[in-house]
Amino acid sequence: MSRPTTAALADYLSRYARVVEVGVGRRTDVAAALVDRGTDVTATDLYARSVPDGVRFVRDDVVARAERGGGVDSLYAVDAVYALNLPPELHRPARDVAHAAGADFLFTTLGGDQPTVPVERVTLDAETLYVAHHSDGR
């Protein structure tokens, strides 16, 4: 991810005090930038991953969690859940987990993939950030 895109995403997401990044993989630049801005960041992935200093890591399967009814434990007791380059099959499960915990859900997609859940679009630098609607219309 380019530095301007990383900075733009981190600037936007830093409005939240506590966040979880779903599916961090090896792209830890946004999580690191958020920590630098004072945000409490937990990163999750199916597989053990190295994360920057200041980022907490937890192995988690968002699909299995969604099938169990959401994210109402301490892991998802945050202000927002976000994901970068999220494939379409994970849009709904990640949104459901975030919203079950009362958190906002924000994500970017891969290339030309379109969101599979209702969203508002926010244009940042060369990236579109999708903000999923809550079922109550928020």
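1. In this note a residue is called buried when its relative accessible area is under 20%. The model is a predicted one, and by that cut-off the buried residues of helix α1 (residues 3–13) are T5, T6, A8, L9, A10, Y12 and L13. The partners against which these buried residues of α1 pack are β1 (18–21), α2 (29–36), β4 (80–83), β5, β6 (119–124) and β7.

2. Two packed helices are described by the angle between their axes and the distance between the axes. For α1 and α2 the angle is about 50° and the axes are 9 Å apart, which makes α1 oblique to α2. The crossing of the two helices, α1 and α2, is right-handed. On the α1 side the residues that meet α2 are T6, L9, A10 and L13, and on the α2 side they are D29, V30, A33 and L34.

3. A separate point concerns the aromatic side chains, where the count comes to two aromatic pairs. In one of them F105 and F107 are stacked, with 5.0 Å from centre to centre and 15° between the planes. F105 has a relative accessibility of 0% and therefore counts as buried, and F107 is likewise buried, with a relative accessible area of 0%.

4. F107 also forms an aromatic pair with Y130, and this pair is tilted, with 5.4 Å centre to centre and 35° between the planes. Because F107 lies in strand β5 (residues 104–107) and Y130 in strand β7 (residues 127–132), the pair ties together parts that are 23 residues apart in sequence. Both F107 and Y130 are buried, and F105, F107 and Y130 together form one aromatic cluster.

5. Most residues other than glycine have a negative phi. N85, although not a glycine, has a positive phi of about 55°, and it is placed in the loop between β4 and α4 (91–100). With a relative accessibility of 25%, N85 counts as partly exposed.

6. D125 is also not a glycine, and its phi is positive at about 45°. Where does D125 lie? D125 is found in the loop between β6 and β7, and, with a relative accessible area of 47%, D125 is partly exposed.

Technical notes:
Residues are numbered from 1 along each chain as its sequence is written. This is a predicted model: local features need pLDDT of at least 70, side-chain atom pairs count only at pLDDT 80 or more; totals for chains, interfaces and linings use all residues. Side-chain values use heavy atoms; hydrogens and water are left out. Rings of Phe, Tyr and Trp (its six-membered ring) pair if their centres lie within 6.5 Å; planes under 30 degrees apart count as stacked, over 60 as edge-to-face and the rest as tilted. Buried means under 20% relative accessible area, exposed over 50%, partly exposed in between (1.4 Å probe, protein chains only). Helices (H or I, at least four residues) and strands (E, at least two) are DSSP runs, numbered from the N terminus. Contact means heavy atoms within 4.5 Å. Axes are lines fitted to C-alpha atoms, for helices over the stretch in contact, and angles run from 0 to 180 degrees between N-to-C directions. Angles under 35 degrees count as roughly parallel, over 145 as roughly antiparallel, 65 to 115 as roughly perpendicular and the rest as oblique. A crossing is left-handed if the near helix is turned anticlockwise from the far one by less than a right angle, and right-handed if clockwise.
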